[in-house]
Amino acid sequence: KRTGEQTDMINVIYCCNDKLFEGVFLSATSVARRSGAPVRISVFTMDGRDENLSYVPFSKDHASIINAAIKTFDERNEAAVYDLTEQFEKAFGGGKNLKNEFTPYALLRLLADDEKVAPCDKAIYLDADTMACGDIEELWNTDVSDYEYAAALDRLGKFWVARNYCNSGVLLLNLKKIRETGMFVKCRKLIKTKRFFMPDQTAIHRSATARLYLDTRFNEQRSVKPDTVIKHFNRGIKWLPFPHFFNVKQWDRKAVRDKLKIRVFDEDYAFYDDFIKTEKHGADADEKAKSNIL
């Protein structure tokens with residue numbers, strides 16, 4: 001456990017429902033394990049059960065578990081969940097991109113220009129299907145003072161959409177500049193009025209006035225390399241033995257090891273198993289104690 005003099009917090013944002021608890025836990029703890037500075041994890045969520053019964057908001061209990069887990073690496077680390085149901089409905093309700101193959105939760109990051117939602121000038125956004133291989137502080141210290149955000153090119157989109165089309169699974173957000181230029185305001189308007197295949201990613205691409213291109217090691221969308229900082233388990237194409245899409249996530253452990261041949265996260269899986277087992281035993285003991293009192 002690291003302790004010491006207070007340093008600037010690295011703000012990390014995830015956007016998801018409760019179904020992705022394991023993914024966020026694995027991602028957030030991989031970040032905390034390897035970070036040279038304390039991290040503040042913010043999970044943006046909403047109640048979307050009016051549209052889909054599986055859209056249950058990320059729970060406070062799960063946020064508390066992640067908070068306790070990341071503190072084992074640095075006692076200054078912290079995690080919390082923020083319910084943005086009301087803000088989401090106001091921004092995107094009745095829009096044209098609420099029903100497609102992607103969940104609407106990724107749109108929540110486009111609310112981060114509200115200082116009540118994200119009271120900071122800079123943040124890293126991560127998809128839940130990312131894992132840190134290296135120190136995220138290296139990304140955090142990238143100078144984006146003249147840019148709205150920094151992102152790496154999309155592995156497929158740079159061929160099929162545009163040469164400068166970026167993947168939005170890892171973003172270094174200059175929220176101060178985004179508020180000045182109104183970039184997220186433009187994004188929200190586009191998403192509400194025009195239909196897109198990948199609405200949030202395309203709106204970000206079209207609305208930016210100044211973006212910094214990151215090296216792919218900050219958003220590695222294929223094989224992990226020695227200098228990879230963040231591995232993104234996004235959908236891709238394998239050409240052999242025949243062309244086919246694959247979509248292996250970090251919580252699909254057997255597929256990660258056998259199909260992708262990635263073993264660098266074994267210690268993260270072991271930590272998850274041990275920590276969740278301890279949490280469960282602790283919860284069972286509390287329930288037993290309560291029943292004895294009653």
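Colleague: How many residues line the second largest pocket, and which of them lie nearest its centre?

Modeller: The second largest pocket has 13 lining residues, and Asp47, Gly48, Glu51, Phe88 and Glu89 are those nearest its centre. This is a predicted model, in which local features need pLDDT of at least 70 and side-chain atom pairs count only at pLDDT 80 or more, while totals for chains, interfaces and linings use all residues. Residues are numbered from 1 along each chain as its sequence is written, and side-chain values use heavy atoms, leaving out hydrogens and water.

Colleague: How is a pocket found, and what volume does the second largest pocket have?

Modeller: Rolling a probe the size of a water molecule over the atoms shows where empty space is left. On a 1 Å grid over the protein atoms alone, a pocket is an open set of points where a 1.4 Å probe fits, with protein on both sides within 12 Å along at least five of seven lines; lining residues have an atom within 4 Å of a point. The volume, the space filled by probe spheres set on points joined across faces, edges and corners, is about 240 Å³ for the second largest pocket. Its lining has five nonpolar, four polar and four charged residues (Ala, Val, Leu, Ile, Met, Phe, Trp, Tyr, Cys and Pro count as nonpolar, Asp, Glu, Lys and Arg as charged, the others, Gly among them, as polar).

Colleague: Which residues lie nearest the centre of the largest pocket?

Modeller: They are Phe102, Asp127, Asp129, Asn247 and Lys249, out of 40 lining residues. The largest pocket holds about 1200 Å³ of space. Helices α5 (157-160) and α8 each give two or more residues to its lining, which divides into 16 nonpolar, 13 polar and 11 charged residues.

Colleague: How should I read the packing of α1 and α2, and at what angle do they pack?

Modeller: Two packed helices are described by the angle between their axes and the distance between the axes. Helices are DSSP runs (H or I, at least four residues), numbered from the N terminus; axes are lines fitted to C-alpha atoms over the stretch in contact, with angles from 0 to 180 degrees between N-to-C directions. Helix α1 (residues 21-34) and helix α2 (residues 60-71) pack at about 20°, their axes 10 Å apart. They are therefore roughly parallel (under 35 degrees; over 145 is roughly antiparallel, 65 to 115 roughly perpendicular, the rest oblique). Contact means heavy atoms within 4.5 Å; residues of α1 including Phe21, Val24 and Phe25 meet residues of α2 including His62, Ile65 and Ile66. By class, this contact has nine nonpolar, two polar and no charged residues.

Colleague: At what angles does α7 cross α8 and α3?

Modeller: The axes of α7 (residues 183-193) and α8 (residues 199-207) come within 9 Å and cross at roughly 130°, which makes α7 oblique to α8. Helix α3 (residues 85-92) and α7 cross at roughly 65°, their axes coming within 9 Å, and are therefore roughly perpendicular. Here Lys90, Ala91 and Phe92 of α3 meet Arg188, Ile191 and Lys192 of α7, a contact with three nonpolar, no polar and three charged residues.
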